[in-house]
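Okay, thanks everyone, I'll keep this short. Have a look at the sequence and the structure first, and then I'll walk you through it.

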Amino acid sequence: MTTSFTRAPGADRAIPEAALTGSLRDFRAPAGTDLLGRVEGFFGWQDQRRRHNLWPYAKSTATAPKTHCSAKSDSGQELSGVNFASQDYLSLSSHPAVKEAAIAAVHEYGVHSAGSAALLGNTRHSLKLEKAISDFVHGREVVLYPTGWSAGFAAVQGIVRPSDHVVMDVLAHSCLQEGARAATQNIHFHGHLNVDGLARRLQRIRANDTENGILVVTESLFSMHSDTPNIGAMRAVCDEYNAKLLVDCAHDFGCIGENGLGHLGLQNMVDKADVIIGSFSKTFASNGGFIAVKSRAVAEYMKYYSATQTFSNALSPVQAAVVLASLEIIRSEEGKARRRKLMDNILYMRAEMTRAGLEALGDPSAIVPVRVGAEGLARIASRELASLGAIANLVEYPAVPQGGARFRVQVMADHSREDVDMLVRLMQQAMRTADLEYRSYREADGANNVLAQQWELASNAA
Ligand SMILES: Cc1ncc(COP(=O)(O)O)c(C=O)c1O
């Protein structure tokens, strides 16, 4: 496929400092009585970035999210090229059997479940899916949710009550943090992957409170850093302090490990976590998620006391059929072959990034975070990468630490080595061009400007 990029008409090259600095965090808590008017500041900042092609978010695909695709940026530029920005780790979203399953479900049911699972929203497909996921996770009780986010939120909000405690990794996903906020004010964060820090917090809580519950919350694969906790060590600490352990396995469930059980499987912890959360949106080609617990009592409780289950429309029959068909592949020999191909691509990409002088962060997973550093530099690099014909998502503060902006490259089983080679080459080129341009802005503004401080922060973070 040819690569192309159309620069927005009238976009000038001189970038104002505001478009290279600041972050979403600056606008998180606008003050004043005008609830709606006070968000204008965000739009002003965002629009400066958008006008200079430095707003890499809210892109839309114009073709299927395959290894090569066409897309549009938020400012209407057409992008096309090799695609490392879609979440479809085993490339199942365009698999013929999965598409067939969707079509058959449409013919049988139409397109809508037309109700909450608590009322008349379940279908033959969703009931079958519950059983199939249950079988995959060693016979646990499974509750389905409309999205992975709502499953994560629900698991914490549905279980924890105001006098209980939630202890979570400081990088836990937004759904888990919001679920905790909805449930209690007793939220304690420990350092990322730091089991000693977790133990210290549990010890402190139990020294003052032996009456209430503690839910320890983590992820099997942290998607911004591509790293994994020692789940066995966390389990041991939880047992010592009478706490329950919740593991969100959104990004590795189905796609990592010989049998696709992710790091829970690799660490032999599928049966040891008290609550498992999964998402279908990364590997199972559909919106949706689930909670898997060890008793029917807890599953039934979640159906009526976790808000996003009881008061939200159930998975559609099409979504349930798609996830079922995907799961069937994931558990087959073909699934194993796809996981091997995915891991082969991941390892090859990480090695090639290093060979090209780029830094792949974390551990091997379908997400390869490639360090850029300063936010302004990263915004220019992202613009350049798109213009060269490669699509990859940029993540920056506050999703990752300040000065730690990175490309969050998402690999698929269907990518070829040539696709990987192309991304690495274009990323190297984009970084070089961005470095020159960013340097010129930094130097033009004198020694003590905001960009110099930003650069310094990023250098220290490296
Ligand atoms: C750890 C974690 N949990 C939950 C979600 C939300 O899943 P979904 O996009 O399926 O709603 C994500 C998505 O990025 C995630 O990373």
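So, let's begin with Glu40, which sits in helix 2, residues 40-51. Keep in mind that this is a predicted model. Is Glu40 buried or exposed? Exposed, because its relative accessibility is 54%, and the cut-off for that class is over 50%.

Now the ligand. Which residues are around it? The list is Thr147, Gly148, Trp149, His173, Cys175, Glu219, Asp248, Ala250, His251, Ser279, Ser281 and Lys282. By class, that shell splits into 6 polar, 3 nonpolar and 3 charged residues.

I'd point out a few contacts. A polar side-chain atom of Ser281 is 2.6 Å from a ligand oxygen. On the Asp248 side chain, an N or O atom lies 2.7 Å from a nitrogen of the ligand. Gly148 uses its backbone instead, with a polar atom there 3.1 Å from a ligand oxygen. As for how covered the ligand is, it would expose 390 Å² taken alone, and the protein buries 85% of that.

Next, the second largest pocket, with about 330 Å³ of space. It's lined by 21 residues, and the closest to its centre are Ile159, Ile214, Leu215, Lys244 and Val275. Helix 5 (148-159), strand 8 (214-219) and helix 10 (296-305) each put at least two residues into that lining. Which element gives the most? That's helix 10, with 4 residues. The lining counts 11 nonpolar residues, 5 polar and 5 charged.

Last topic, the cavities. How many are there of 30 Å³ or more? The count is 3. Of its 20 lining residues, Pro56, Lys59, Leu79, Ser382 and Ala386 lie nearest the centre. Helix 14 (375-388) and strand 13 (390-391) each supply at least two lining residues, and helix 14 gives the most, with 5. The classes there are 10 nonpolar, 5 polar and 5 charged.

The second largest cavity holds about 90 Å³ of space. It has 13 lining residues, with Ala117, Leu144, Gln309, Ala314 and Leu315 closest to its centre. Helix 4 (124-136), strand 5 (141-145) and helix 11 (307-310) each bring in at least two. That lining has 6 nonpolar, 6 polar and 1 charged.

That's it from me.

Definitions and conventions: Residues are numbered from 1 along each chain as its sequence is written. This is a predicted model: local features need pLDDT of at least 70, side-chain atom pairs count only at pLDDT 80 or more; totals for chains, interfaces and linings use all residues. Side-chain values use heavy atoms; hydrogens and water are left out. A residue is near a molecule or strand if one of its heavy atoms lies within 4 Å of it. A polar contact is a pair of N or O atoms within 3.5 Å; within protein, one must be able to donate a hydrogen and the other to accept it, and residues adjacent in sequence count only if both atoms are side-chain atoms. Accessible areas come from the Shrake-Rupley method with a 1.4 Å probe; for residues, only the protein chains shown count as cover. Ala, Val, Leu, Ile, Met, Phe, Trp, Tyr, Cys and Pro count as nonpolar, Asp, Glu, Lys and Arg as charged, and the others, Gly among them, as polar. On a 1 Å grid over the protein atoms alone, a cavity is a set of points where a 1.4 Å probe fits but cannot get out, and a pocket is an open set with protein on both sides within 12 Å along at least five of seven lines; lining residues have an atom within 4 Å of a point. Grid points are joined across faces, edges and corners, and a volume is the space filled by probe spheres set on the points. Buried means under 20% relative accessible area, exposed over 50%, partly exposed in between (1.4 Å probe, protein chains only).
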